[in-house]
Amino acid sequence: MQKRFIPAVLVLSVLLAMFVVCGLQMERTRARFATGAEVRRVYLTFDDGPSTVVTGRILDILKKEDIKATFFIVSDMARTRQETLSRIAKEGHSIGVHSASHDYARIYASDEALLSDIDECAAYILQVTGIKPRLYRFPGGGHERQKELIRERGYTIIGWNAVCGDEEIKDATAWELSQEAARTSKGKDPVILLLHDSARHRATADALPAIIAHFREEGCVFCAF
Ligand SMILES: [Zn+2]
């Protein structure tokens, strides 16, 4: 080969190699979007609120991070925090029924009591936000007959498969909560993470940025129900 052609050949080879690499990368990206299989999903779900300070701080963080979450409401809490409940709806988060009273003795007294607790909470959510909730999370678990009755009322029952430990670990620090969220969600897809936003869960709001950072580092996408 003549010497003056060598630089041109080298440039062409490099360009060809870049072309092949880019093509492969595009193919991989296209496959990921087509199947959705490689994108791990995380649902942040908050129970027992709203509270003024903790829910407010959580909403600020979610807004800053541009993440939508799911809030399971206790309507007795919401009655004195109507503005916070409205804000959850206005900012585009999903809202579900958790309970009116969160009082197990009352709720689980009978099937009628359970359904009336759900109806009361749903009616309040509708009155304040204009949204008719279609999601339900048991305050203390339910058996199959109760699940069937709730599904017949048109609800999708949402459980969880990972926790941040804000109910399980006594006086947990924000660091412990973020570690627990990472530990219990390991290997799960989707991750449905249980968190709490009632007034005593300040550490949960403190831990939220680290929890979000952890899932972002793992390449997850955040979803709401
Ligand atoms: Zn609860």
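At 1.5 Å a residue, what should the 13 residues of helix α2 span, and how far apart are its end C-alpha atoms?

Author: A caution comes before the numbers. This is a predicted model.

Now to your helix. Helix α2 covers residues 53–65. At 1.5 Å a residue, its 13 residues should span 18 Å. The end C-alpha atoms are 18 Å apart, so expectation and model agree.

Next, look at what α2 hides. Its buried residues are V54, T55, I58, L59 and L62. Viewed down the axis of α2, they fall within an arc of 130°, so they line one face of the helix. The spacing has a simple background. An α-helix has 3.6 residues a turn, so residues three or four places apart point the same way. The face turned away from the buried side of α2 carries V53 and K64, which are exposed.

What does the buried side meet?

Now check both ends of α2. Start with the loop that comes in from β1. P50 sits in this loop, between β1 and α2. The peptide bond that joins G49 and P50 is cis, with omega about 5°. Step back into strand β1 and you find D48. D48 is not a glycine, yet its phi is positive, about 80°. D48 counts as buried because it has 25 C-beta neighbours inside 10 Å.

At the other end, α2 is followed by D66. D66 lies in the loop between α2 and β2 (70–74). D66 is not a glycine either, and its phi is positive, about 55°. Its setting is another matter: D66 counts as exposed because it has 7 C-beta neighbours inside 10 Å. Why pick out these residues and that bond? Most residues other than glycine have a negative phi, and most peptide bonds are trans, so the exceptions deserve a look.

Follow α9 to its contact with α8. Helix α8 spans residues 174–185, and helix α9 spans residues 202–217. Their axes come within 8 Å and cross at roughly 45°. That angle makes α8 oblique to α9. The crossing of α8 past α9 is right-handed. On the α8 side, the contact is made by A174, L177, S178, A181 and A182. On the α9 side, it is made by A203, T204, D206, A207, A210, I211 and H214.

The loop between α8 and β7 (191–196) holds P190. The peptide bond from D189 to P190 is cis, with omega near 0°.

A181 is one of the residues touched by A162. A162 belongs to strand β6, residues 162–163. A162 is buried, because 22 other C-beta atoms lie within 10 Å. Leaving aside residues up to four places away in sequence, A162 touches A181, T184, S185, K188, V191, I192 and L193. Now take A162 and L194. They are 32 residues apart in sequence, but 6.2 Å apart in space, C-alpha to C-alpha.

Helix α6 covers residues 111–129, which is 19 residues. From its first C-alpha to its last it reaches 27 Å, close to the 27 Å expected at 1.5 Å a residue. Its buried residues are L114, D117, I118, C121, A122, Y124, I125 and V128. They cover an arc of only 160° around the axis, which puts them on the same side of α6. On the other side of α6, E112 and Q127 are exposed. Just after α6 comes G130, with a positive phi of about 80°.

Last, step back to the whole chain. The protein chain has 9 helices and 8 strands. Buried residues make up 35% of its 225 residues. Now consider contacts between residues at least 6 apart in sequence. Of these, 74% join residues at least 24 apart.

Key: Residues numbered from 1 in each chain as written. Predicted model: local features only at pLDDT ≥ 70, side-chain atom pairs only at ≥ 80, totals over all residues. Helix = DSSP H or I, 4+ residues; strand = E, 2+ residues; numbered from the N terminus. Buried ≥ 20, exposed ≤ 12 C-beta atoms within 10 Å, placed from the backbone. Contact = placed C-beta atoms within 7 Å. Expected span 1.5 Å × (residues − 1). Arc of directions from axis to C-beta. Axes fitted to C-alpha atoms, helices over the stretch in contact; angles between N-to-C directions. Parallel < 35°, antiparallel > 145°, perpendicular 65-115°, else oblique. Left-handed = near helix turned anticlockwise from the far one by under 90°.
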